[in-house]
Amino acid sequence: MKTLASLTAVLVLATAGAASASAADARIGWSDLNLASVAGADAFDQRVEAAARALCRDARRPGSRLDDRAFCEAAVRREAVRQLPGAAQVDYAASRRAAAY
């Protein structure tokens, strides 16, 4: 099954000390999805959102006690799409445009 590589690197930057890097790790499967379809891209988005919520639960701004979950979740979403292979990124982007119309 195809999965995205670990999102640990982006989360280490986003959480900056909130939790240990080994605790902030996720793999998001996508091989069973047709990312060229709106339904497949929606399912991928749901998986990414679930991973982002779990990984960013305790995210804090660097050097602060302020919650920065929104920044962390956005970083997870960007990194998940970035880690898709090129053709899958193109399919995903095209299906997102189709959904916007």
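This is a predicted model: local features need pLDDT of at least 70, side-chain atom pairs count only at pLDDT 80 or more; totals for chains, interfaces and linings use all residues.
On one side of helix α3, Ala 70, Arg 78 and Arg 82 are exposed.

**The overall picture**

Of its 101 residues, 34% are buried. The accessible surface comes to about 5900 Å², and carbon and sulfur atoms hold 54% of that area.

Helix α3 covers residues 69-82, which is 14 residues. From its first C-alpha to its last it reaches 20 Å, close to the 20 Å expected at 1.5 Å a residue. Which residues of α3 are buried? They are Cys 72, Glu 73, Ala 75, Val 76, Glu 79 and Ala 80. Because these buried residues fall within an arc of 160° when seen down the axis of α3, they line one face of the helix. Two glutamates, Glu 73 and Glu 79, are on that buried list, while Arg 78 and Arg 82 are among the exposed residues on the other side.

In soluble globular proteins, nonpolar side chains tend to be buried together.

| Core | Size | Residues, among them |
|---|---|---|
| Largest nonpolar core | 14 residues | Ile 28, Trp 30, Leu 35, Phe 44, Leu 84, Tyr 92 |
| Second, separate core | five residues | Ala 52, Cys 56, Ala 59, Val 76 |

The residues listed for the largest core are those with the most contacts inside it. Both α2 (38-55) and α4 (86-100) supply at least two residues of this core. Which helix gives the most to it? That is α2, with five residues. As for the second core, Val 76 is one of its members, and Val 76 is also one of the buried residues of α3.

**A buried aspartate in a loop**

Asp 68 sits in the loop between α2 and α3. Is Asp 68 buried or exposed? Its relative accessible area is 14%, so Asp 68 is buried, given that buried means under 20%. Leaving aside residues up to four places away in sequence, Asp 68 touches Ala 59, Arg 60 and Arg 61. Of these, Ala 59 also belongs to the second core.

Notes: Residues are numbered from 1 along each chain as its sequence is written. Side-chain values use heavy atoms; hydrogens and water are left out. Buried means under 20% relative accessible area, exposed over 50%, partly exposed in between (1.4 Å probe, protein chains only). Accessible areas come from the Shrake-Rupley method with a 1.4 Å probe; for residues, only the protein chains shown count as cover. Helices (H or I, at least four residues) and strands (E, at least two) are DSSP runs, numbered from the N terminus. The expected span of a helix is 1.5 Å times one less than its number of residues. The arc is that of the directions from the helix axis to the C-beta atoms. A nonpolar core is a set of buried Ala, Val, Leu, Ile, Met, Phe, Trp, Tyr and Cys residues joined through side-chain atoms within 4.5 Å. Contact means heavy atoms within 4.5 Å.
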